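Me: I am new to this structure and would like to learn how to read its features one by one. Please give the general idea each time, then the case at hand.

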Amino acid sequence: MEWVELPAGHFQMGAPLGQGFVEDYEAPAIPMQVAAFSIATTPVTNQEFAEFVAATGYQTIASRTGGSLVFEALLSEDLRAKAPRVPGTPWWRVVAGADWLHPFGPEGPLATDVLADHPVVHVSLADALAYCQWAGVTLPTEAQWEYAARAGRTTTFPWGQELEADGCYHANTWQGDFPGFNSQADGYLGTAPVKTYAPNDWGLYQVIGNVWEWCANPRYQLLQDFKQAQPLPSLADLKGEYAIRGGSFLCHASYCQRYRLGARNGADALVTASHIGFRCIK
């Protein structure tokens with residue numbers, strides 16, 4: 001991994017009132033102080049995760065349970081016809097044999113063959129923490145993640161106030177009519193290589209879009225709680241929902257708009273899907 005050293009500093013954490021969802025507790029923004037730390041310039045890639053698996057023999061949650069959630073447009077017609085939908089979010093299919101190495105199911109290409117420089121996906125929080133333990137690193141809290149992602153800015157996005165600024169795309173998000181049609185105007189239906197777009201002002205790539213990134217604190221934690229030190233999650237006692245930040249290739253204004261720098265979201269600590277990865281700090 002490549003690292004950026006960030007000095008201690010302060011920033012406004014969260015979003016203005018009226019943005020996002022009330023239940024995400026992202027507003028109003030409050031002043032936050034953060035100690036110095038280093039953060040990886042990209043999410044962990046398939047190649048980096050493969051090195052971990054080769055060294056340890058680790059099996060991810062999806063590998064052990066025999067399947068994972070795959071966005072239906074990424075599947076072949078035959079597999080789509082066989083894989084059951086997820087109630088309430090029918091664009092997700094439960095695909096037997098899908099995991100980090102087989103992101104499109106057992107009959108698709110291996111992640112290490114065609115997606116080596118893409119972010120690893122189908123990793124739960126437990127899998128991310130196992131990687132961190134091996135690598136001697138950890139995961140950011142939401143406060144650390146947002147401090148690094150903002151890079152000193154107060155704008156909605158790392159480059160400004162508009163998602164599509166200066167007539168071009170700056171992140172891998174959904175274009176078209178979610179979830180039925182993606183024009184792929186940004187060039188991607190699924191994940192993109194981790195260095196596809198220009199980095200933020202501190203050298204971090206794709207802090208919004210592409211994949212959600214696991215954080216080290218539970219979901220729904222109030223912003224003011226981040227003013228105190230946060231206990232890191234224990235691999236032995238992972239339960240409930242934890243925070244994920246940054247949005248993914250599936251984010252669209254008509255659905256959730258959680259690709260904003262101040263937006264918050266979460267997922268069950270053991271869930272695996274084709275749009276969740278992680279980025280490390282030390």
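Me: Among contacts in the chain between residues at least 6 apart in sequence, what share joins residues at least 24 apart?
Reply: A contact means heavy atoms within 4.5 Å. Among contacts in the chain between residues at least 6 apart in sequence, 73% join residues at least 24 apart. This is a predicted model, in which local features need pLDDT of at least 70 and side-chain atom pairs count only at pLDDT 80 or more, while totals for chains, interfaces and linings use all residues. Residues are numbered from 1 along each chain as its sequence is written, and side-chain values use heavy atoms, with hydrogens and water left out.

Me: How many helices and strands does the chain have, and what percentage of its residues count as buried?
Reply: Helices (H or I, at least four residues) and strands (E, at least two) are DSSP runs, numbered from the N terminus. The chain has six helices and 13 strands. Buried means under 20% relative accessible area, exposed over 50%, and partly exposed in between, with a 1.4 Å probe and protein chains only. Of the 282 residues, 55% count as buried.

Me: Which helix is mostly covered, and what covers its buried residues?
Reply: Helix H6 (142-150) is mostly covered, with nine of its nine residues buried. Among them are Glu142, Trp145 and Arg150. The cover includes strand S1 (3-6), strand S2 (9-13), S3, strand S4 (37-40), strand S10 (212-218) and strand S11 (241-245). After H6 comes Ala151, with a positive phi near 50°.

Me: How is a pocket told from a cavity?
Reply: On a 1 Å grid over the protein atoms alone, a cavity is a set of points where a 1.4 Å probe fits but cannot get out; a pocket is an open set with protein on both sides within 12 Å along at least five of seven lines, and lining residues have an atom within 4 Å of a point. Grid points are joined across faces, edges and corners, and a volume is the space filled by probe spheres set on the points. The largest pocket here has a volume of about 500 Å³. It is lined by 23 residues, of which Thr89, Trp92, Tyr255, Asn265 and His275 are the closest to its centre. Strand S7 (89-96) and strand S12 (265-268) each supply at least two lining residues, and S12 gives the most, with four.

Me: What classes of residue line the largest pocket?
Reply: Ala, Val, Leu, Ile, Met, Phe, Trp, Tyr, Cys and Pro count as nonpolar, Asp, Glu, Lys and Arg as charged, and the others, Gly among them, as polar. The lining of the largest pocket has 16 nonpolar, five polar and two charged residues.

Me: What is the volume of the second largest pocket, and what lines the largest cavity?
Reply: The second largest pocket holds about 220 Å³ of space. Among its 13 lining residues, the closest to the centre are Gln33, Val34, Ala35, Gln144 and Phe226. Strand S3 (30-34) and H6 each supply at least two residues of that lining. As for cavities of 30 Å³ or more, the count comes to one. The largest cavity has a volume of about 40 Å³, and Asp24, Glu142, Arg219, Tyr220, Arg264 and Asn265 line it. By class, that lining has one nonpolar, one polar and four charged residues.

Me: How is a pair of aromatic rings described?
Reply: By the distance of the centres and the angle of the planes. Rings of Phe, Tyr and Trp (its six-membered ring) pair if their centres lie within 6.5 Å; planes under 30 degrees apart count as stacked, over 60 as edge-to-face and the rest as tilted. The whole structure has 20 aromatic pairs. The rings of Phe49 and Phe52 have centres 5.3 Å apart and planes at 65°, so the pair is edge-to-face. Both residues lie in helix H1 (residues 46-56), three residues apart, and both are buried. For Phe157 and Trp159 the centres are 5.6 Å apart and the planes at 10°, so that pair is stacked.

Me: Where do cis peptide bonds occur?
Reply: Most peptide bonds are trans. A cis bond joins Ala27 and Pro28, with omega about -5°, and Pro28 lies in the loop between S2 and S3. Another cis bond joins Phe178 and Pro179, with omega about 0°.
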